[in-house]
Amino acid sequence: MSRIHILSSRLANQIAAGEVVERPASVVKEVLENSLDAGATRVDVDVEAGGSKLIRIRDNGAGMAPDDLPLALARHATSKIASLEDLERVSSLGFRGEALASIGSVSRLILTSNANETGSEGSSAICEGRDMEVLVKPAPHPRGTTVEVRDLFFNTPARRKFMRTEKTEFNHLEEVVKRLALSRFDVAFSLRHNGRVLHNLKPGGSQAERQRRVASVCGPAFMEQAIYIETDRPELKLWGWVGLPTFSRSQADLQYFFVNGRVIRDKLVAHAVKQAYRDVLYHGRHPAFVLYLEVDPGQVDVNVHPTKHEVRFRDGREVHNFIFSSLHRALADVRPADQLPEHALATGDGQVINTETGEIREQGGLTWGAPGASTGATQRDAAYAGVGFGYQPQAAPGQSAAQVAAYGQLHPELPQQHAEEDIPPLGYALAQLKGIYILAENALGLVLVDMHAAHERITYERLKTARDAEGIRSQPLLVPQSVAVSQREVQVAADNTELFQRLGLAVDVAGEESLVIRQIPVNLRDSDVELLLRDVLADLIEFGSSERIEAHLDEILSTMACHGSVRANRRLTIPEMNALLRDMEETERSGQCNHGRPTWTQMSLDELDKLFLRGR
Ligand code: ADP
Ligand code: MG
């Protein structure tokens with residue numbers, strides 16, 4: 001008797017299911033993707049007990065004819081590809097023809113569908129028996145499909161054991177729905193858990209409708225503290241919402257990246273995003289974003305692994321650069337004006353208009369500061385520089401340092417009243433609190449500024465600008481340092497001599513597997529340059545770019561800026577404070593100090609009124 005036998009189709013499917021169906025969330029992903037592939041414009045997801053008891057997904061897609069139902073449940077049966085050439089340009093989310101067969105082998109599955117444009121004569125199929133024979137019978141259903149999955153893993157106890165609590169499983173499942181909902185604004189989604197509706201997302205293609213969906217999926221707080229970006233390059237487009245650094249999170253749980261409409265998790269993309277936030281994010285915090293990359297389909301392979309959401313770009317280096325530079329620019333450009341709530345724009349005549357409710361309110365109490373407390377907007381270039389501070393910032397172009405230093409002392413008294421449209425975003429200083437905070441008044445109410453944090457960022461940005469203008473100063477090593485590396489690393493170093501030179505580093509090839517460092521940036525003399533070089537080479541190999549040297553040099557400048565900045569407990573005059581506010585408005589990344597902490601915050605009159613239970 002032969003020892004080798006053919007597996008029953010149920011067992012074969014169960015083994016295959018191990019790859020596809022890990023938990024209820026994977027079922028939802030597969031079934032929802034089928035609905036989208038079938039052209040549905042509405043999908044309703046209904047689950048019980050975190051999906052372990054019931055997952056029912058109903059769509060209004062193309063549906064299936066009765067004869068197709070058994071095939072849909074068979075392994076390696078698909079309507080999406082027919083040949084190897086099709087695989088090259090597959091645009092559907094699935095194509096392996098395994099999902100339904102796998103799900104059916106580890107649950108009680110009922111498939112009900114109708115492919116007719118009109119009428120409700122559908123049919124349903126149930127898997128029964130050990131070899132997955134399928135029973136088809138008539139069942140009423142409008143055009144579209146309903147997939148009902150009960151008692152997941154009822155016949156595979158080992159898998160069932162791996163399911164977590166109902167809540168955890170549901171969270172995973174909800175995440176799947178969120179991702180797909182963010183990938184298809186044109187499709188309506190609903191999600192119900194144990195009879196409660198948790199999401200009901202209307203379809204729509206306008207910007208306002210998209211924003212509404214992002215707000216409802218990611219939370220309104222994200223939308224309020226995110227900026228919309230859109231950058232185009234031939235064959236590349238990036239658009240979406242990036243959270244301001246102040247909206248950072250303790251976990252990387254609000255990060256959505258789509259490539260040509262598919263959600264992906266990719267090291268190259270993650271690295272580019274992280275690098276873009278490097279200078280503004282508090283250590284250990286994670287940025288939040290919903291981003292869409294559109295690439296020529298020939299430039300990207302999205303089918304590397306269907307469940308791992310990986311992609312492979314033909315020109316990874318260019319994509320990395322594009323993502324990095326788009327985000328870096330957008331984040332640097334954030335100014336206090338962008339961070340004020342959009343729905344409370346000041347109108348020119350002493351009113352505040354709420355663009356959400358349309359309500360217009362008289363703006364009272366705008367003059368409660370000390371007389372002479374405010375500076376005119378035209379005097380914005382005055383600097384607090386040098387008025388008794390430890391560090392002297394650079395003079396603005398066209399100003400001598402002496403002019404800058406003298407200004408604050410010579411012109412403290414400035415016009416007190418100004419039309420509201422002249423009020424700059426951070427307003428005018430009123431007073432200093434405990435030698436730490438500046439209190440200022442703007443069109444919306446009260447502004448609080450951490451003066452050390454703010455000054456530190458301004459100084460830091462100036463040091464960086466000066467360095468960029470003058471170049472990095474470098475010095476030869478007394479004893480050149482040999483570094484043993486791989487042949488690949490030698491090659492990469494040789495290809496990047498120009499980059500190294502620009503960064504003040506002279507690295508020569510000394511042998512097949514050896515490099516020698518001859519010259520280093522002055523500021524790095526106390527750093528472990530060998531380690532830095534190794535890390536840079538590793539980055540260059542993996543991502544085609546590296547910002548490590550800049551990051552390290554920036555860190556040193558940041559420390560210098562920190563020591564050189566206004567310390568707490570220093571009394572500032574009103575003009576000095578106003579000059580600091582004006583500088584903040586003009587400085588890149590001024591919303592965060594060098595360590596990513598916020599430098600200022602706004603308390604609107606509304607919030608203050610609430611605090612005092614006023615007018616409600
Ligand atoms: P794949 O999606 O890889 O083709 P599946 O096992 O997920 O494999 O589905 C098998 C086939 O069943 C699909 O190719 C499709 O023709 C059909 N099908 C599955 N779900 C639906 C649906 N919701 N609407 C219409 N057809 C469907
Ligand atoms: Mg599928």
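Select Leu111, Leu182, Val214, Cys218, Phe222, Trp241 and Val290: these residues have the most contacts inside the largest nonpolar core, which has 60 residues. A nonpolar core is a set of buried Ala, Val, Leu, Ile, Met, Phe, Trp, Tyr and Cys residues joined through side-chain atoms within 4.5 Å. Buried means under 20% relative accessible area, with exposed over 50% and partly exposed in between (1.4 Å probe, protein chains only). Colour helix α7 (residues 166-183) next; its 7 residues are the largest share of this core. Helices are DSSP runs of H or I, at least four residues, numbered from the N terminus. Domain 1 (9-201) and domain 2 (207-332) both contribute residues, so the core lies between them. Those bounds come from an automatic or database domain assignment.

This is a predicted model: local features need pLDDT of at least 70 and side-chain atom pairs count only at pLDDT 80 or more, while totals for chains, interfaces and linings use all residues. Residues are numbered from 1 along each chain as its sequence is written, chains are lettered from A and ligands numbered from 1 in the order in which they are written, and side-chain values use heavy atoms, with hydrogens and water left out.

Now centre on Leu111. Setting aside neighbours within four places in sequence, its contacts (heavy atoms within 4.5 Å) include Met64, Leu69, Leu100, Thr145 and Val147. A second, separate core has 34 residues, among them Ile229, Val269, Ala276 and Leu327.

Go to ligand 1. It is surrounded by 19 residues, each with a heavy atom within 4 Å of it. The closest are Asn34, Thr78, Ser79, Lys80 and Gly97.

- Asn34, side-chain N or O atom: 2.8 Å.
- Ser79, side-chain N or O atom: 2.5 Å.
- Gly97, backbone N or O atom: 2.7 Å.

In α2, 12 of the 14 residues are buried, including Val27, Val31 and Leu36. Just after the helix, Gly39 has a positive phi of about 80 degrees.

Finish at α14 (residues 451-470), with 20 residues. Here 16 of the 20 are buried, so the helix is largely enclosed by the rest of the structure. Asp450 caps its N-terminal end, with a side-chain oxygen 3.2 Å from the backbone nitrogen of His452. Gly471 follows α14, with a positive phi near 85 degrees.

How values were computed: Helices (H or I, at least four residues) and strands (E, at least two) are DSSP runs, numbered from the N terminus. The expected span of a helix is 1.5 Å times one less than its number of residues. A polar contact is a pair of N or O atoms within 3.5 Å; within protein, one must be able to donate a hydrogen and the other to accept it, and residues adjacent in sequence count only if both atoms are side-chain atoms.
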